[in-house]
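Here's a quick briefing on a protein model with ligands, written for someone who likes cut-offs spelled out. Have a look at the sequence and coordinates first.

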Amino acid sequence: MPTVLSIAGSDPSGGAGIQGDIKTIFAEGCYGMGAVTGLTVQNTLGVYDVMPVPTDFLYRQIDETLSDIRPDAIKIGMIVSTEQIDVIVGLIKRYGLENVIVDPVIAPTSGVEFANDEVMKCMIEKLFPLSTLVTPNLPEAKRICEIIENFNLQVEGKWQMQSQTQSQVQTQSQSQTQIKRKAANLSMPELACFIGQNCGCSVLIKGGHAEGDDATDYLWTASDDDRIGCITEFKDERVETTSSHGTGCALSSSIAANMAKGHMLEAAIYRGKEYVTTALKSDMRIGTGNGSVNHGALARQ
Ligand SMILES: Nc1ncnc2c1ncn2[C@@H]1O[C@H](COP(=O)(O)OP(=O)(O)OP(=O)(O)O)[C@@H](O)[C@H]1O
Ligand SMILES: Cc1ncc(CO)c(N)n1
């Protein structure tokens with residue numbers, strides 16, 4: 001049986017995080033494993049608190065699992081510190097893991113932040129280049145672009161430090177504002193291309209938070225060594241439901257499971273989208289807020 005490891009946070013209400021991931025992996029006919037990065041206090045109304053798992057304990061969870069069972073794919077969700085990223089990056093390299101799907105959860109729609117800018121910068125620099133696919137939603141993609149731009153500016157800023165005059169400082173802060181506006185104005189395909197070209201990985205920008213009658217996701221993949229790349233569109237109907245908690249986790253886990261089963265990236269994304277649309281259409285209505293998607297609505301081998 002194909003095996004998939006999820007490295008993610010716990011959602012005790014069962015819709016997202018490691019609970020949602022393992023339900024998805026099981027529904028896709030794979031063997032699911034889970035290493036927990038942190039505990040959360042959350043339900044269908046919001047996320048109230050996060051408690052990180054100590055770094056050495058995260059290391060041991062993943063290392064002992066990998067030394068026993070080799071995953072055919074891994075999905076990485078909530079990460080709360082740069083030390084956790086170092087542990088995960090070190091283990092991916094040491095075990096030579098393939099089919100690494102990273103869902104960079106910065107903050108839930110409602111509630112406390114998971115990853116601050118320092119953690120995101122570290123993820124962008126160290127984890128994204130090792131990933132097969134990174135799957136930010138639209139607000140996360142814009143934030144990632146801003147961090148890439150700001151990071152480049154800071155490096156340049158340090159280099160200019162010795163002879164910086166007041167007018168140069170003003171020019172620098174003006175150009176920072178312009179770049180922020182630029183990132184905010186990029187289209188979804190442009191965001192995907194920008195992140196992919198800077199980080200050396202394929203990027204899927206998810207359209208759940210975009211406007212429009214369809215829910216369309218955009219994939220950027222490098223087409224050659226020049227990284228000119230190409231965009232593929234994954235379009236499906238937008239489902240009207242109050243049960244959409246966990247769509248992002250379900251999508252990335254389904255893609256990981258389908259890659260574990262041997263599907264190529266584009267086919268795995270197509271199947272992941274089909275899984276999520278079916279899970280949304282089930283309109284399960286559990287809880288008093290934004291309830292979980294139905295992870296069992298589409299079960300396949
Ligand atoms: N109402 C909807 N109808 C159809 N598909 C949707 C809808 N909302 C989200 N999706 C799809 O679900 C997947 C996840 O997208 P979304 O933008 O919601 O991710 P996310 O914000 O990371 O999810 P989460 O809310 O779990 O954090 C994408 O494939 C997206 O197109
Ligand atoms: C633990 C966890 N991971 C991811 C999400 C998705 O935002 C969530 N709500 N909780």
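This is a predicted model: local features need pLDDT of at least 70, side-chain atom pairs count only at pLDDT 80 or more; totals for chains, interfaces and linings use all residues.

Residues are numbered from 1 along each chain as its sequence is written, chains are lettered from A and ligands numbered from 1 in the order in which they are written, and side-chain values use heavy atoms, with hydrogens and water left out. Nine strands form an open sheet of mixed pairing, and the protein buries 88% of what ligand 1 exposes when taken alone.

**The sheet**

- The strand order is β3-β2-β1-β4-β5-β6-β7-β8-β9; strands here are DSSP runs of E with at least two residues, helices are runs of H or I with at least four, and both are numbered from the N terminus.
- At the edges sit β3 (46-52) and β9 (230-237), each of which pairs on one side only; two strands pair if DSSP finds at least two bridges between them.
- β1 and β4 (residues 73-76) run parallel and are joined by four bridges, and V4 has A73 in β4 as its bridge partner.
- β2 and β3 run antiparallel, with six bridges between them.
- A hairpin of two residues links β2 to β3, and N43 stands opposite G46 in β3.

**T44, in the loop between β2 and β3**

- T44 is located in the loop between β2 and β3.
- Why does T44 count as buried? Its relative accessibility is 16%, and buried means under 20% relative accessible area, exposed over 50%, and partly exposed in between (1.4 Å probe, protein chains only).
- The T44 side chain reaches the backbone nitrogen of T288 at 3.5 Å, and a polar atom of that side chain lies 3.0 Å from the backbone nitrogen of G289.
- For polar contacts, the rule is a pair of N or O atoms within 3.5 Å; within protein, one must be able to donate a hydrogen and the other to accept it, and residues adjacent in sequence count only if both atoms are side-chain atoms.

**Ligand 1**

- Ligand 1 is surrounded by 16 residues, the closest being N137, K206, H209, D217 and V239; a residue is near a molecule or strand if one of its heavy atoms lies within 4 Å of it.
- An oxygen atom of ligand 1 lies 2.6 Å from a side-chain N or O atom of H209, and an oxygen atom of the ligand is 3.0 Å from a side-chain N or O atom of T247.
- A nitrogen atom of ligand 1 sits 2.8 Å from a polar backbone atom of V239.
- Taken alone, ligand 1 exposes 620 Å², of which the protein buries 88%; areas come from the Shrake-Rupley method with a 1.4 Å probe, and for residues only the protein chains shown count as cover.
- Two or more residues of the shell come from each of β8 (214-221), α8 (247-260) and α9 (265-281).
- By class, the shell has five nonpolar, six polar and five charged residues; Ala, Val, Leu, Ile, Met, Phe, Trp, Tyr, Cys and Pro count as nonpolar, Asp, Glu, Lys and Arg as charged, and the others, Gly among them, as polar.

**Ligand 2**

- Which residues surround ligand 2? They are G9, S10, A16, G17, T40, Q42, F114, H245 and C249.
- A nitrogen atom of ligand 2 is 2.9 Å from an N or O atom in the Q42 side chain.
- On its own, ligand 2 exposes 290 Å², and the protein buries 88% of that.
- β1 (3-10) and β2 (31-43) are the elements that give two or more residues to this shell.
- The shell around ligand 2 has three nonpolar and six polar residues, but no charged ones.

**Helix α4 and the cysteines**

- N116 caps the N-terminal end of α4, with a side-chain oxygen 3.1 Å from the backbone nitrogen of E118.
- In α4 (residues 117-127), the buried residues are V119, M120, C122, M123, I124 and L127.
- The structure holds zero disulfides; a disulfide is a pair of cysteine sulfur atoms within 2.5 Å.
- For C122, the nearest cysteine sulfur is that of C199, 12 Å away; C122 counts as buried at 8% relative accessibility.
- For C201, the nearest cysteine sulfur is also that of C199, at 5.3 Å, and C201 counts as buried at 5% relative accessibility.

**Positive phi**

- N99, in the loop between α3 (82-95) and β5 (100-102), has a positive phi of about 55° although it is not a glycine.
- R285, in the segment after α9, is not a glycine either, yet has a positive phi of about 55°; R285 is exposed, at 59% relative accessible area.
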